[in-house]
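Work through the exercises below with the coordinates open. Each task is followed by a solution in steps.

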Amino acid sequence: MASLSPVAVSVPEAGHGGGSTPPRYGGDGGGPGDGYPDYGRRLRRARLGLAVALAPILMFFVSLASAYIVRQGLPTFDEKSNTYIRDWNPTDLPLAMLLANTGLLAASSLTAELARRQITRQAALAPVRSIPGVSLGNETGFPWLYVTVLLGAGFLVGQWLAWQEMANRGYYLATNPSSSFVYLLTAAHGIHLAGGAVVLLYAAVVSLFHKPIEARRIVVDVTAWYWHFLFLLWVGIFAFLWFLR
Amino acid sequence: MATSAPVHAHAAPQGFIRKYVFSLDHKVIGLQYYFLALVAVFVGMFLSLLMRIHMIWPTAALPAIGEIKPETYLSLLTMHGTIMVFFVLTTAPQSGFGNYFLPIQIGAPDMAFPVLNMLSFWTTLAAFVVLVSAFFVSGGAPLHGWTGYAPLSALTNSGPGEQLGADLWITSIALFSVASLMGALNFITTILDLRARGMTMMRMPLTCWAWFVTAILGLLAFGVLLSAGILLLLDRNLGTSFYVPLVVVNGQVMGHRGGSPLLWQHLFWFFGHPEVYIAILPGMGVTSQVLSTFSRKPIFGYKAMVYAIMAIGFLGFVVWGHHMFMSGMSPYSAFAFSIMTMLIGVPSAIKTFNWLGTIHGGRVRFQTPMLYAIGFVSLFVSGGLSGPFLAQPVLDIPLHDTYFVVGHFHLIMGVAAIFGIFAATYYWFPKMFGRMMNETWGRVHFVITLIGTYAIFMPMHYLGMAGQTRRYSQFTEVQYMTGLIPLQTFMTYAAFITIGAQLIFLFNFFWSMFKGPKASDNPWEATTLEWTTATPPPHDNFGGHTPVVHHGPYEYSVPGAAKDYVMQTDPAGAAAH
């Protein structure tokens with residue numbers, strides 16, 4: 001019966017402010033009942049949306065990577081010697097710092113998963129809590145969301161420090177095509193990660209404003225998957241920059 | 001039971017701002033896109049008229065504009081192309097009609113992510129404002145063409161308009177890319193997740209298939225354009241050398257070295273070629289819908305049509321190199337791109353054959369939407385036949401920088417897609433506004449537009465074969481081209497008349513919106529879901545219930561049926577299928 005009554009709902013960020021009344025439409029036999037939004041379907045739809053959204057993000061990075069490979073192989077005309085030379089000087093990457101950052105991001109991916117499982121459990125128990133006379137205690141749990149955001153911020157700060165180190169070694173954005181691509185790929189990844197961190201922070205903060213746990217769960221769930229994707233993407237970018245330098 | 005339960009999650013808005021400005025309703029957003037495209041197309045047409053005037057009267061001083069200088073001509077060319085490709089051909093058929101009718105045709109109450117939908121419209125509008133503002137900044141609009149070839153586009157001192165104007169152009173393209181990605185994401189999720197019960201993929205109208213494949217193309221192509229644009233901005237403003245080799249501008253050695261202008265071409269055309277299909281596929285969908293409805297026959301070869309759309313979409317991603325035969329690419333690559341390009345002729349021919357098969361033997365109703373759909377087929381064939389010529393490097397090299405190419409892409413991508421938009425407008429106007437458009441003025445508009453556009457663009461093929469170069473602002477003093485001036489003059493007059501005829505459309509459109517005769521819920525006796533609901537559709541599209549689909553989309557003249565059409569929701573006769 002799941003395909004009986006498709007429902008259009010705003011994305012989870014939509015209804016804050018004045019419009020926070022839960023949308024009212026009926027269950028379809030398998031749903032939780034009248035007047036109660038079908039969060040299962042919303043979650044499925046949000047995950048599908050995320051899966052679709054990953055395609056252009058991948059295309060974006062793949063196109064940069066192919067530009068990298070093309071540019072790496074191009075000879076450059078040298079006006080002094082009047083010949084074509086190879087001007088690609090591999091950037092001296094601060095390996096130890098980048099490895100440490102990778103460790104931070106790996107840890108944040110793990111905590112994001114813990115946050116996702118935690119809120120999934122809380123959302124599953126939410127109906128039980130509403131039964132009169134049933135108390136599950138004030139189970140707030142460990143703040144994995146905040147830890148994830150902190151670790152993500154730590155990664156971004158670490159990337160910033162790695163940039164500083166590259167600059168100390170004489171590699172700026174326009175120094176060499178190699179360094180241009182290093183800055184570009186790390187910045188593009190960082191911006192994507194910062195976006196994810198903002199959404200996670202939003203999910204953490206709205207818990208203070210009595211947003212339904214099921215709605216928050218959708219935000220956390222989808223962003224956690226996005227976070228894992230960004231971790232894998234970073235590993236890919238890092239390996240690419242290192243092995244194809 | 002689900003079908004009787006209220007299904008709309010966001011309640012109907014009350015205030016004017018929430019209802020018509022920052023609306024979450026896909027129908028309002030669709031109309032917003034449509035009106036944006038309507039404004040854009042008149043701006044774009046006006047620019048083309050200035051170019052046509054300049055062609056034959058190069059020294060004429062125009063009122064309020066003055067004399068058009070060569071660099072102004074290039075700015076007009078750039079802005080005309082950019083506005084038309086992005087804000088008309090991509091905006092109206094996909095974002096406009098797609099937004100309005102995709103959810104209704106699959107039986108959904110709205111798009112999957114309404115807030116994202118609203119954001120994508122406002123980002124598109126911002127992109128348009130940023131683009132047009134390039135006219136008013138110091139140096140004026142950029143002159144690097146809609147294709148933005150580096151190094152012209154990558155150097156801030158390569159010409160007037162290449163300073164702030166070019167930065168605004170790139171920013172606009174980047175914003176448009178982001179908006180298109182949001183839109184594509186919404187379209188794909190909506191189709192995969194929000195179809196009504198019984199609406200299997202193979203029961204979707206071909207319009208929905210076209211919007212679906214177009215969204216996939218957009219999803220994969222616009223990310224690449226975005227990355228190309230970012231590299232261009234870095235080259236222009238932060239001294240990198242992705243696209244710029246060692247160059248000397250006005251005797252001054254620039255700081256760049258080692259970049260490759262071809263890198264831009266590859267990235268741009270990897271987006272640019274699918275973009276051509278982004279513009280034309282929705283028109284193909286509408287044409288299929290209209291031809292079937294007005295021939296009172298099922299579409300000929302529904303499955304073949306679906307697979308042809310997919311094949312065109314796939315091939316669209318592997319042929320970008322045919323825009324670059326002039327760049328000195330390896331003959332082996334050129335050969336591969338050439339073969340792949342000519343392969344597109346196969347699904348295109350399947351579609352054309354099926355359209356003709358649909359009309360053949362039908363009880364054809366020659367109403368305005370049908371006329372435009374037939375016009376689409378005509379233009380698609382006329383413009384398409386020159387494709388296999390240009391797909392061959394040996395022919396493309398002499399023809400590439402001539403008017404032959406201008407004629408080719410205007411017929412197939414520009415005018416054919418516009419005819420798709422017109423067919424859709426005349427066809428869906430009754431559903432959108434609850435009134436009929438004037439049929440007589442519609443026919444007059446069609447006849448003038450069809451003859452007029454052929455009169456403008458068909459001679460371009462001859463001009464090209466005679467060696468008339470494109471992109472040049474002035475040719476009247478070039479001896480070997482002087483013999484072509486009468487033909488150019490004819491084309492300019494044809495442009496005046498054709499553009500004038502669009503005022504008929506504009507008048508008919510707005511007059512009918514308020515004064516046209518009231519439309520019934522299903523004035524064309526069509527079968528798809530949008531014709532089962534009220535006119536105009538209520539906020540949740542189906543008045544509190546979701547439809548259940550029992551039939552395919554084109555069941556006309558079904559033997560044994562009570563009427564000559566069977567609605568998709570009609571339970572009667574369902575057992576037979």
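The model is predicted.

**Exercise 1. Overall form of chain B**

Task: Find how many helices and strands chain B has, and compare its radius of gyration with that of a compact globule.

Solution: 
- Step 1. The count for chain B is 16 helices and four strands.
- Step 2. The C-alpha trace of chain B extends over about 80 × 50 × 45 Å along its principal axes.
- Step 3. A compact globule of 577 residues would have a radius of gyration near 25 Å, and the 24 Å of chain B agrees with this.

**Exercise 2. Helices α3 and α4 of chain A**

Task: Determine how the axes of α3(A) and α4(A) are placed relative to each other, and which classes of residue make the contact.

Solution: 
- Step 1. In chain A, α3 covers residues 144-168 and α4 covers residues 177-206. Their axes come within 10 Å and cross at roughly 160°.
- Step 2. Angles over 145 degrees count as roughly antiparallel, and α3(A) and α4(A) are therefore roughly antiparallel to each other.
- Step 3. The crossing in which α3(A) passes α4(A) is left-handed.
- Step 4. On the α3(A) side the contact residues include L145(A), V149(A), G152(A), F155(A), L156(A) and W163(A). On the α4(A) side they include Y183(A), G190(A), L193(A), A197(A), L200(A) and A204(A).
- Step 5. Sorted by class, this contact of α3(A) with α4(A) has 16 nonpolar and six polar residues, with no charged residues.

**Exercise 3. Two partners of α6 in chain B**

Task: For α6(B), work out the orientation relative to α7(B) and relative to α3(B).

Solution: 
- Step 1. Helix α6(B) runs over residues 206-237, and its axis comes within 8 Å of that of α7(B), with a crossing angle of roughly 160°.
- Step 2. With the limit for roughly antiparallel at over 145 degrees, α6(B) and α7(B) are therefore roughly antiparallel to each other. Their crossing is left-handed.
- Step 3. The contact of α6(B) with α7(B) contains 24 nonpolar residues, seven polar and one charged.
- Step 4. Helix α3(B), residues 70-105, has an axis that comes within 10 Å of that of α6(B), and the two cross at roughly 125°.
- Step 5. The range for roughly perpendicular is 65 to 115 degrees and roughly antiparallel is over 145; α3(B) and α6(B) are therefore oblique to each other. This crossing of α3(B) and α6(B) is left-handed.
- Step 6. From α3(B), the residues Q94(B), G98(B), F101(B), L102(B) and Q105(B) meet T207(B), C208(B), W211(B) and T214(B) of α6(B).
- Step 7. By class, the contact of α3(B) with α6(B) has four nonpolar and five polar residues, and no charged ones.

**Exercise 4. Domains 2 and 3 of chain B**

Task: Describe the side of domain 2 of chain B that touches domain 3 of chain B, giving the helices that supply it and the residue classes.

Solution: 
- Step 1. The domain assignment divides chain B into domain 1 (20-259), domain 2 (273-514) and domain 3 (516-577).
- Step 2. Over C-alpha atoms, the centres of domain 2 and domain 3 of chain B are separated by 31 Å.
- Step 3. In chain B, 18 residues of domain 2 are in contact with 16 residues of domain 3.
- Step 4. On the domain 2 side, at least two residues each come from α7 (261-295), α14 (403-433) and α16 (485-515) of chain B. The largest share, four residues, belongs to α14(B).
- Step 5. The residues on this side of domain 2 of chain B are nine nonpolar, five polar and four charged.

**Exercise 5. Backbone details in chain B**

Task: Locate the cis peptide bond from A150(B) to P151(B), the cis peptide bond from T535(B) to P536(B) and the positive phi of E525(B).

Solution: 
- Step 1. The bond from A150(B) to P151(B) has omega near 5°. P151(B) sits in the loop between α4 (114-133) and α5 (164-193) of chain B.
- Step 2. For the bond from T535(B) to P536(B), omega is near -15°. P536(B) lies in the segment after α16 of chain B.
- Step 3. E525(B), a residue other than glycine, has a positive phi near 55°. E525(B) is in the segment after α16 of chain B.

Notes:
Residues are numbered from 1 along each chain as its sequence is written. Chains are lettered from A and ligands numbered from 1 in the order in which they are written. This is a predicted model: local features need pLDDT of at least 70, side-chain atom pairs count only at pLDDT 80 or more; totals for chains, interfaces and linings use all residues. Axes are lines fitted to C-alpha atoms, for helices over the stretch in contact, and angles run from 0 to 180 degrees between N-to-C directions. Angles under 35 degrees count as roughly parallel, over 145 as roughly antiparallel, 65 to 115 as roughly perpendicular and the rest as oblique. A crossing is left-handed if the near helix is turned anticlockwise from the far one by less than a right angle, and right-handed if clockwise. Two residues are in contact if their C-beta atoms, placed from the backbone, lie within 7 Å. Ala, Val, Leu, Ile, Met, Phe, Trp, Tyr, Cys and Pro count as nonpolar, Asp, Glu, Lys and Arg as charged, and the others, Gly among them, as polar. Domain bounds come from an automatic or database domain assignment. The radius of gyration is taken over C-alpha atoms; the globule rule is 2.2 Å times the number of residues to the power 0.38.
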